[in-house]
Amino acid sequence: MLDIGLLVRVHVDALIVAQNHMGVCDAIRRIAPARKLAAMSAPHLPKVAGIDPEVPVSTHSAAPLREVPAAPGAFIQDRLAGWVSDLTTLHELTERLAGTTTLDAALNELLHAGAALVGARRGLLVLEPADHGTPSTTLGLGLSHADLGHLETVERGATALGRVLDGVPGTADGIASPDLLGDKDLDPRHREVATRLGYAASYALPLASEAAGRLGGAAWLYDEPGEPSEKQRHLVGLYARYATEHLARLIELERARADVATVAEELLPSRLPRIPGVQLAARHRTGPRGGGDWYDALPLPEHTLGLAVGSVGGSGPSAMAAMGRLRASLRAYAVMEGEDPVAVLSDLELLLRLTEPARTATALFAYCEPAARKVVLAGAGHTPPLVLGERRCEFVETTLSAPLGMLACWEAPSVEFSPAPGETVLLYTDGLLRRTGDPMDRAFARLHSAAASVPKAGRHDPAAVADHVLRTMLPDGLDRADSAEDVVILAAHFD
């Protein structure tokens with residue numbers, strides 16, 4: 001904190017100096033006429049070398065006043081301006097880092113910000129958490145994969161970054177190597193790589209804190225001999241401590257997301273059945289918080305097949321657990337009475353209402369006879385399937401019905417249709433539509449257009465159909481962290 005008393009004293013001193021200065025000037029102005037009059041009346045002295053008769057000799061023993069000292073307020077103002085500029089820069093960089101939501105984005109931002117703070121053009125960062133819960137990651141700035149490969153051939157202990165990563169004593173505040181090529185003790189392989197890549201100095205800094213522990217290290221490379229100033233080291237050190245805490249939070253978030261995805265995958269079919277006359281493909285992606293979208297494909301007696309998709313309301317571990325229970329129950333009902341999809345969903349609705357009265361879900365179950373190319377389906381508040389073939393691309397008109405758990409007794413008539421040879425039936429959840437960000441009517445139109453644009457060469461492959469629809473509907477991919485919606489696509493191609 002700034003000492004207000006000190007600033008007040010500085011300003012008072014400056015005022016006193018200024019007042020003294022004004023007093024001296026007034027005195028000089030008063031004395032000047034008298035000096036002039038005395039000079040006019042006094043006899044002229046003979047000129048002697050080294051003596052100017054126009055300049056009177058002072059009768060005071062103190063040295064004459066030649067220069068009034070500058071007020072110290074200007075120095076304080078310059079220092080304050082420098083501090084404000086540094087804090088503003090640091091604030092902007094930390095704000096940009098705080099805006100990153102993925103680990104990769106944060107690592108890239110850290111590398112660029114560090115390079116700006118220490119005045120370097122290139123650098124590399126190694127993420128290597130001490131608990132080994134996250135795989136090691138190496139990222140370069142201005143360095144190609146080949147350059148990173150060359151750097152990895154140098155013995156770890158021969159580089160400043162390697163010593164920082166190993167936690168060698170004395171490296172907590174960073175290691176500056178101002179003239180690598182001028183160092184006679186430099187490792188020969190390190191010298192060769194530095195010459196090849198064209199860098200002459202480096203500055204390495206650990207990414208560690210008391211709360212997060214050691215996460216890794218970063219090094220920035222200079223094209224010419226040099227090193228960051230004391231102020232630059234201080235600023236990049238402050239930034240690195242904040243970045244380490246942010247990286248630790250993102251690492252924990254990435255681990256949690258990976259655990260959620262693993263649990264969600266374990267709750268879904270590990271493989272799809274092989275039934276004569278039909279080919280299956282599925283695509284699934286769980287949202288970052290974990291959702292309740294699911295799919296299933298189970299073989300039934302006499303070479304028949306049951307296909308199901310559904311979505312449980314809510315997100316998080318509770319929704320995932322409810323999804324697992326709902327899918328397991330539907331499998332049991334499908335085995336007992338799969339020929340009647342309405343009975344399957346009615347039993348499922350009764351179970352949900354009795355065991356989890358506060359939860360709702362949507363579901364669609366289809367009973368397929370591939371040999372007869374016959375499909376009977378029923379839906380409970382779920383999106384209608386889409387049929388894609390050489391001659392048509394249309395939605396199947398299902399009966400409008402409420403989701404499971406919303407009515408005292410659910411029942412809706414089933415729908416029967418016959419897919420032609422070579423046609424693909426596409427089942428999906430509403431997450432595919434919601435992730436587009438469009439209103440539902442426009443999202444349905446996009447889905448229809450995406451299915452209709454599947455190339456003819458890929459229409460006989462359900463995996464190619466599903467991938468094309470995903471790429472067309474979601475050009476940014478399924479890994480966007482800003483969308484909490486699950487995505488499920490189940491494609492069945494009838495031979």
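Mentor: Start with the outward side of H4: the face turned away from its buried side carries the exposed residues His 145 and Glu 152. Exposed means over 50% relative accessible area, buried under 20%, and partly exposed in between (1.4 Å probe, protein chains only). Helices (H or I, at least four residues) and strands (E, at least two) are DSSP runs, numbered from the N terminus.

Trainee: What kind of model is this, and how are residues numbered?
Mentor: This is a predicted model, where local features need pLDDT of at least 70, side-chain atom pairs count only at pLDDT 80 or more, and totals for chains, interfaces and linings use all residues. Residues are numbered from 1 along each chain as its sequence is written, and side-chain values use heavy atoms, with hydrogens and water left out.

Trainee: Back to H4. Which of its residues are buried?
Mentor: In H4, residues 145–152, the buried ones are Asp 147, Leu 148 and Leu 151. Viewed down the axis of H4, they fall within an arc of 100 degrees, so they line one face of the helix. The arc is taken from the directions from the helix axis to the C-beta atoms.

Trainee: And what covers them?
Mentor: The cover includes strand S1 (122–127), strand S2 (137–141) and helix H6 (188–197). Contact here means heavy atoms within 4.5 Å.

Trainee: New topic. Is Ser 209 buried or exposed?
Mentor: Ser 209 is buried, with a relative accessible area of 17%. Its place is in strand S4, residues 201–209.

Trainee: What does the Ser 209 side chain make a polar contact with?
Mentor: The side chain of Glu 245, at 2.6 Å. A polar contact is a pair of N or O atoms within 3.5 Å; within protein, one must be able to donate a hydrogen and the other to accept it, and residues adjacent in sequence count only if both atoms are side-chain atoms. Leaving out residues up to four places away in sequence, Ser 209 touches Thr 244 and Glu 245.

Trainee: How many aromatic pairs in the whole structure?
Mentor: The search finds 1. Phe 395 and Phe 444 have ring centres 5.6 Å apart and planes at 85 degrees, so the pair is edge-to-face. Rings of Phe, Tyr and Trp (its six-membered ring) pair if their centres lie within 6.5 Å; planes under 30 degrees apart count as stacked, over 60 as edge-to-face and the rest as tilted.

Trainee: Where do the two sit?
Mentor: Phe 395 is in strand S12 (residues 393–395) and Phe 444 in helix H11 (residues 440–452), 49 residues apart. Phe 395 counts as partly exposed at 25% relative accessibility, as does Phe 444 at 21%.
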